[in-house]
Amino acid sequence: MKLILDRCVLLFYCFGSVFFTEITTGFLISFLSASIYSFLHYYMNRREYRRVLSLLYLTLSLLIPEAALFVPAVLYGFLEDGYKEIWAFSGVLCLFRFWGAPLETICFIITGAILSLLLSSRTRSYKTLEQKFKQTRDDSVERNLLLKEKNQALLEKQDYEIYTATLKERNRIAREIHDNVGHMLTRSILLTGAVKTLSQDAALAPSLEQLETTLNTAMTNIRNSVHDLHDESVGLREALESLADSFSFCPVFLEYDMGYEVPKAVKYCLIAVAKEALNNVMRHSNANEVRITLREHPALYQLMIEDNGTKKTAGTEHGLGLQNMRDRVAALKGVIQIDAKKGFRIFITIPKREDFSYDQRCNRR
């Protein structure tokens, strides 16, 4: 915007020469040519074309004397492009055209050249400050993005630590209940059975029977609670990392891109499939690398296990282990694809549902 304003100021300044110059056809042609030059020079992108345009106008000044009055507007374009040699050419041109001209005409052109220089210098300083401002703004935005990413990473790390601590606490509570409360209830049940056997009082028989039933019910509830706490204390990522670390046949590379709160049915199904797949690699493959990839999408969970083995064993695609995988995945309404063309690849997709009704064998085996 400032470039356009500067050009308009210079054009109006040059047009002010009408106060001491007659308005002739050459003057009007020069004014129109200078106006066309200023706006074409502004919209041209290539400096070579802009230089040619400026030289054409200065050449016009050799043919039309009045065109030299608008040289300050042409000088602004050269100053913008950084062509310092045009100063000498313009000076020679002005001397050639106005040798012996009135003093006010020469002063007018010199003053216009100085004004052109001042406007160009001011605009250049403004553009420099604008570039520095944009650079500072971009740096600030980049720093804010980096800080945001670091904060997000810290929050994710904090969530993971809280999740890990929760799993450990659940496991500890499950052990405490099993070792203390469970043993005390078992002892109480045994003592109640012994009292029932030794007691000769028929009036106490119903009470002892009710006590034994209550203790057995409490023991069943405690056992179920312990199993639930133990199941919830197992993390999918931690379990798979443990499998990968303990697998000594070949290196296992794990890529985990899922949340922490995975449904228990899906969690134990994926763990069981991974165990069976690694077992098959050890028994039937000559692979030297295994990759396990888990991804969570808005509507489904995905597991991919692949190795680079080249050994082909008859019947490995229809063995009992792979059938167990298919049964587990089918119980969750999922899809399993097995490909043995390049190495061995198992690709599992399990849809997300609110209620996972599945065979209890899926998480007990």
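**Ground rules.** I am working with a predicted model, where local features need pLDDT of at least 70, side-chain atom pairs count only at pLDDT 80 or more, and totals for chains, interfaces and linings use all residues. Residues are numbered from 1 along each chain as its sequence is written, and side-chain values use heavy atoms, with hydrogens and water left out.

**Overall.** I found 10 helices and 5 strands in the chain. Helices (H or I, at least four residues) and strands (E, at least two) are DSSP runs, numbered from the N terminus. Of the 365 residues, 36% count as buried; buried means under 20% relative accessible area, exposed over 50%, and partly exposed in between, with a 1.4 Å probe and protein chains only. I also looked at contacts (heavy atoms within 4.5 Å). Among those with a separation of 6 or more, 72% come from residues 24 or more positions apart.

**α1 and α2.** I checked how helix α1 (residues 2-15) sits against helix α2 (residues 25-43): the angle is about 170° and the axes are 10 Å apart. Axes here are lines fitted to C-alpha atoms, for helices over the stretch in contact, and angles run from 0 to 180 degrees between N-to-C directions. α1 and α2 are therefore roughly antiparallel; the classes are under 35 degrees for roughly parallel, over 145 for roughly antiparallel, 65 to 115 for roughly perpendicular, and oblique for the rest. On the α1 side I noted residues including Leu-3, Ile-4 and Phe-15, and on the α2 side residues including Phe-27, Phe-31 and Tyr-42. By class, this contact has 10 nonpolar, 3 polar and 1 charged residues. Ala, Val, Leu, Ile, Met, Phe, Trp, Tyr, Cys and Pro count as nonpolar, Asp, Glu, Lys and Arg as charged, and the others, Gly among them, as polar.

**α2 and α3.** Next I looked at α2 with helix α3 (residues 47-63), whose axes come within 10 Å and cross at roughly 170°. This pair is therefore roughly antiparallel too. Tyr-37 and Leu-40 are among the α2 residues in the contact, and Arg-50 and Tyr-57 among those of α3. The α2 with α3 contact divides into 6 nonpolar, 4 polar and 1 charged.

**The sheet.** I traced an open sheet of 5 strands in the order β1-β2-β3-β5-β4, with mixed pairing. Two strands pair if DSSP finds at least two bridges between them. β1 (252-257) and β4 (335-339) are the edge strands, each pairing on one side only. The twist averages 10° from one strand to the next.

I then followed β4 into strand β5 (residues 344-351): they pair in the antiparallel sense over 5 bridges. Ile-336 has Ile-348 as its bridge partner in β5, while Val-335 has Thr-349. β4 and β5 form a hairpin with 4 residues between them, and Gly-343 in the turn has a positive phi of about 70°.

Helix α9 (residues 264-284) lies across β1, β2 (290-296), β3 (300-307) and β5, running at about 10° to β3. Helix α10 (residues 320-331) packs on the sheet, touching β4 and β5, and its direction makes about 155° with that of β4.

**Cysteines.** I looked for disulfides, a pair of cysteine sulfur atoms within 2.5 Å, and the count is 0. Cys-250 is buried at a relative accessible area of 5%, and Cys-269 is buried at 0%.
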